[in-house]
Amino acid sequence: MQLSEHDIALQRLFAENRELIEKDAAPEVNAAREGAMEAFSKLGIPSSKVEAYKYTNLQAWFKAGYTQAYGLNGATSEALKQFECNVHELDSYTLFTVNGKFVAGSNVEALPDGVEAGSFAELSKKHPELLKRYYGSLAKVEEDGFVALNTLFATDGIFIYVPKGKVVEKPIQVVNVLTGEQDLMVNQRNLIVVEEQAQARVLFCDHTMSMSRFVVNTVTEGHVAESAMLDFYNLQNQHNGTVQVGAYHFDQETRSLLNANYFTLHTGVARNNIFSRLGGPHAENHISGLYVIDKNQHVDNFSFINHAVPDCESNELFKGVMDDASTGAFTGRIFVAPDAQRTNAYQSNNNLLLTENAKMNTRPQLEIYADDVKCSHGATVGQLDEHAMFYLRARGISKEEANILLMYAFAYEVIEKIQVPALKEQIRELVEKRFRGELDKCDSCVVCGQLGTGRVKSE
Amino acid sequence: MLKIRNLHAKIEGKEILRGIDLDVKAGEIHAIMGPNGSGKSTLASVLAGNEAFEVVEGSVEFNGKDLLDLSPEDRAREGFFLSFQYPVEIPGVSMTNFMRTALNEQKKYRGEAPLSASDFLKLMRDRKQLVDIDSDLTNRSVNEGFSGGEKKKNEIFQMAMLDPKLAILDETDSGLDIDALRIVANGVNKLRRPDNATILITHYQRLLDHIVPDFVHVLYKGKIVKSAGKELAYELEKNGYDWIKKEME
Amino acid sequence: MASEQDKLLEEVTNREYQYGFHSDIEMDVLPKGLNEEVIREISRRKQEPEFLLEFRLEAYRNWLKMESPDWAHLKIPEIDFQDMIYYAAPKKKPQLNSMDEVDPELRATFDKLGIPLDEQKVLAGVAVDAIIDSVSVKTTFRETLAEKGIIFCSFSEAAREYPDLVKKYLGSVVPPGDNFFAALNSAVFSDGSFVFIPKGVRCPMELSSYFRINTMNTGQFERTLIVAEDDSYVSYLEGCTAPMRDENQLHAAVVEIVTLDRAEVKYSTVQNWYPGNKEGKGGIYNFVTKRGICKGDYSKISWTQVETGSAITWKYPSCVLMGNNTVGEFYSVALTNNYQQADTGTKMIHLGKNTRSLIVSKGISAGKSQNSYRGLVKVSKKADNARNFSQCDSLLLGDKCGAHTFPYLEINNPSAKVEHEATTSKIGEDQIFYCNQRGIDTEDAVGLIVNGYVKEVINQLPMEFAVEAQKLLQISLEGSVG
Ligand SMILES: Nc1ncnc2c1ncn2[C@@H]1O[C@H](COP(=O)(O)OP(=O)(O)OP(=O)(O)O)[C@@H](O)[C@H]1O
Ligand SMILES: [Mg+2]
């Protein structure tokens, strides 16, 4: 592959700032940059000619012209003072990052013994054995230019470690804030390790707090060990000047359970790369997503469910509502390895297009090399069910109201999957308000009830 | 109350209703019978305002208003109720939310204040008792996973909630077990008042044993070909439709 | 039970290909290799009009700049395009006036294939164009058809006798630079069939062409063009076989269909090229471009294919729904066994208003084969009220094969209703048990179930072909699945 001038500029940027980047990072993290450099020089930022990125061209955004967020870039944790994340009644341990840097935690001292949740930069040095074992083990630099880029620039992010047998009842909420006067590129790196029989719920809330442009490339690796459970939520609510590539690489061992849920309520351009490897028998996962977008927003959920061993089950459900001139994309590949017998894998992707300028591209895919399997996928693009519509109207409910009820009903199936009641209630309310138009669609912090910071003028 | 004159309706270019005339006055109960595919449900759908059907000719007056001129929701708010032959499942919309919305929109239309949450719940409870419906059903999504009989009971429950002036029950009796049939019939009878009316679409005399009609009509090939008192239903039950078809030829 | 099925599958693997004989027909052959001179020579031998030579050369120049596609789920060995013969024709003059003039060896070949060339013996109702190594050798029933103004002849003949029609439509659906294999075909195609149904005519019989690759090291590049004018109808069938050889042979055909207002074309294929032996040696590479355009309003194109042969199949019969209220259909059964690979499916491009498309694809994989469905449903911005439904099922017989589904849905209009469903599974043990309980043994049960599984597609075939297709599937699965 021929590198673009921007790729080359990014390489140069790294070379020039290497010292700064490596200063506070763990040796393993720095060691990984060598491979990342080589991989990036081969891959670069993928263009839409790369099959996996067919429906989202990110080359236009990932340029070296942005300031790299190596530190807080002028933003201080002061910024957080104005930020009170209040998912009603959500009793949680809370961690804050600003521009990819960990800045503060609240309530973390109350975490069960041995459970760690905090700065990736710090905790990765404290737990070299974990780092050695897991860092880069799932998100492989040679497989994706964005992973390579992240591995090249990564300095900080979130580290969560739940040792064997520990159960963290309350959700660990991570609030990722982007702020500051400058346009920024952020490469945040997160690691989640949930050991045998341990359980955790992790909630990532992604927000923007200032009107600058943000180009974000986050990589999260999550390990769910034998008989462990991880409940993972990502709520994306960023202004329309945000471009975010979020890679989430999970692997699961025997009898583990993973729930991963992605809610994109507002963004500029969002690309989620969701990988999950079912690596031990009787592992199970439920991966879902809801995207409700308008204006020129673009959301692309790309997922790869790898049934590497027999007797696992995966369920995938993504639903989207596209308004105005927004565009949605979905790719879901279910891969069943040779001999991964007795696999059950289900996937569906349903979409509503509300206007003549909205678009949806969807690619559900099955790649199956074992015979004793039950696999299915379905995809639909369409409008609200006219029979249901008539039924509601025949009971005296107006067309507008029926529309909202049915759109909400459409989204409901995904919202139902939320296992944290307070969060479910919050999302439920938000989504309904969103459909009613009662929320300013451009408020940047819908999820946490913050006042909007306005819109970034579109280019 | 209801005055249908020379009503013609088409779907996908096919004429299904071919000149219906029917008068229903307050306090009356009418039964419409007729072979499968004769257009009974079509008539009900057209009256309810289903846009899939195109009215090509004729008029319908409902309490002095031009029914065909109203949107489906306004027809409902004017007091027209259709118990669907095949009620739709709407996953994700709870029965409670659905009924509250429907009722309050009706109130708004009539310039009345919306019900308070507690009054609404009280009404729900009260109406549930009337039609003897399981609480469980009203906690679920609209019709989702309901059995055939449960769906029909749910239609009657909604009717009880919305208290219509004119109700058309499209084969609400089919799929019901004997107890449920009695419950549905009791519900209808209890809701019966001198100022409202009911049209029953049915294939069986057994419903008419419980709800005694003032008139029985036979719909055949999109026309009402015979109207008489309740004895007509017995005759149909005994002899089928052949003699009517013959008369028609 | 598992072991019993394994045994049965083992037997499948051992089936012989019954059309694998080779005929000694005297052939007129151009030397191996491809260059402009070869193309000029082909054109010269066929006494083609100038525009055709230009068409070929343009395609050839395009092709030189192109690369073999690599996006399919296929492992395609390197093909040496210089080590191949691009023109081979039976020596006896291809223009025949009666059956008596046909080379007896050739007649014997077609007799063996069960293809009715002799009009006296023909099952009433099928007109046949027989093509051997890319040259049309005999077209039956021409006179009967001509009475109605229908043209059904070899492509070369059409180029000579109806140059205006050919010039107007050739390349209008599959342009010479469309894709690597289509470009190659456009450069070197040697023959094929031409069908023209004039306004208002319903073709009174099925039209059919049989393809046979005979000569060693030959590529077969036939070209089919079907034009259906306003309010016309035709049903067209093609069947194909090849001798068993250890080398791979290339078949890169192009089929173009044009339908004008309210016209309907039904195109059915039973593809039974030599699939290679059970070790995966030999067999045909079947790289085919088939595309129809519903140009006129209310017109319809329906593809039905039963694909059981070829070592590698790369084929996506497609419909461009350009007129308003047009309909595209694709029905497919693809069966792969041993080391066969198939990557097949369709494209439905919705451009006009109120266009509808239906996709029914049934894959069956056995042995060590790989079987992929690949499809695109595209609804363009102007295509109001487009409807598509796709059902793509895969059945796995054995644990060493693969079944894959790669649909693409690209929707740019909010009034579209597009639904895609796919399932992959093996035959339900409960279904087999149910049959067993009714006294049907497992072998028959599997046969019954497979038959039921493909029925929706087989039903689309004209009667004679449906029987043949069912037989073919049965042969391919005999001993294991009825
Ligand atoms: N959506 C539709 N599209 C096409 N035809 C329809 C549609 N709905 C109804 N019809 C046709 O209209 C005719 C009348 O149907 P209708 O449902 O009104 O009959 P019915 O009298 O209610 O019969 P049943 O006793 O079986 O309920 C039938 O021939 C039916 O097939
Ligand atoms: Mg009916």
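Tutor: Let's start with a definition: the radius of gyration is taken over C-alpha atoms, and the globule rule is 2.2 Å times the number of residues to the power 0.38. Keep in mind that this is a predicted model.

Student: Thanks! What radius of gyration does chain A have, and what would a compact globule with 459 residues have?

Tutor: For 459 residues the rule puts a compact globule near 23 Å, and chain A has 21 Å, which agrees. Along its principal axes, the C-alpha trace of chain A spans about 70 × 55 × 50 Å. Its secondary structure comes to nine helices and 21 strands.

Student: What does the rule give for chain B?

Tutor: Chain B has a radius of gyration of 18 Å, in agreement with the value near 18 Å for a compact globule with 249 residues. Its C-alpha atoms fill a box of roughly 60 × 40 × 35 Å along the principal axes. In chain B you will find ten helices and twelve strands.

Student: Let's look at a sheet. In what order do the strands of the open sheet of four strands in chain B come?

Tutor: The order is β2-β1-β4-β5 (chain B), and the pairing is antiparallel. The edges are β2 (14–24) and β5 (65–66) of chain B; each has a single partner strand, so one side of each is left without a neighbour in the sheet. For β5(B), that partner can be read at residue level: strand β4 (residues 54–62) of chain B is joined to β5(B) by two bridges, running antiparallel. One residue pair to look for is Glu61(B) with its bridge partner Asp66(B) in β5(B).

Student: Now salt bridges. How many does a search of the whole structure find over all chains?

Tutor: First the general idea: side chains of opposite charge can pair when their charged atoms come close. Over all chains, the search finds 55 salt bridges. One of them joins the side chains of Arg201(A) and Asp231(A), at 2.2 Å from N to O. Arg201(A) sits in strand β9 (residues 199–208) of chain A and Asp231(A) in strand β11 (residues 229–237) of chain A, so the pair ties together parts that are 30 residues apart in sequence.

Student: Which salt bridges and how many polar contacts come between chain B and chain A?

Tutor: The rule finds three salt bridges across this interface. One of them pairs Glu51(B) with Arg393(A), whose closest N and O atoms are 3.5 Å apart. The count of residue pairs in polar contact is ten.

Student: What does the contact between chain C and chain A look like in the numbers?

Tutor: That contact takes 32 residues from chain C and 37 residues from chain A. Chain C and chain A bury about 2,700 Å² between them, 46% of it on carbon and sulfur atoms. There are two salt bridges between these chains. One of them links Lys417(C) to Glu386(A), with the closest N and O atoms 3.2 Å apart. The polar contacts number 19 residue pairs. On the side of chain C that touches chain A, β22 (402–411) and β23 (417–426) of chain C each supply at least two residues. The residues of that side divide into twelve nonpolar, 13 polar and seven charged.

Student: Which strand of chain A pairs with β22(C), and in what sense?

Tutor: Strand β20 (residues 359–368) of chain A pairs with β22(C) in the antiparallel sense, over six bridges. To find the pairing on screen, pick Met360(A): its bridge partner in β22(C) is Ile411(C).

Definitions and conventions
Residues are numbered from 1 along each chain as its sequence is written. Chains are lettered from A and ligands numbered from 1 in the order in which they are written. This is a predicted model: local features need pLDDT of at least 70, side-chain atom pairs count only at pLDDT 80 or more; totals for chains, interfaces and linings use all residues. Side-chain values use heavy atoms; hydrogens and water are left out. Contact means heavy atoms within 4.5 Å. Buried area is the accessible area (1.4 Å probe) that two parts lose on being put together, summed over both. A salt bridge is a side-chain nitrogen of Lys or Arg within 4 Å of a carboxyl oxygen of Asp or Glu. A polar contact is a pair of N or O atoms within 3.5 Å; within protein, one must be able to donate a hydrogen and the other to accept it, and residues adjacent in sequence count only if both atoms are side-chain atoms. Ala, Val, Leu, Ile, Met, Phe, Trp, Tyr, Cys and Pro count as nonpolar, Asp, Glu, Lys and Arg as charged, and the others, Gly among them, as polar. Two strands pair if DSSP finds at least two bridges between them.
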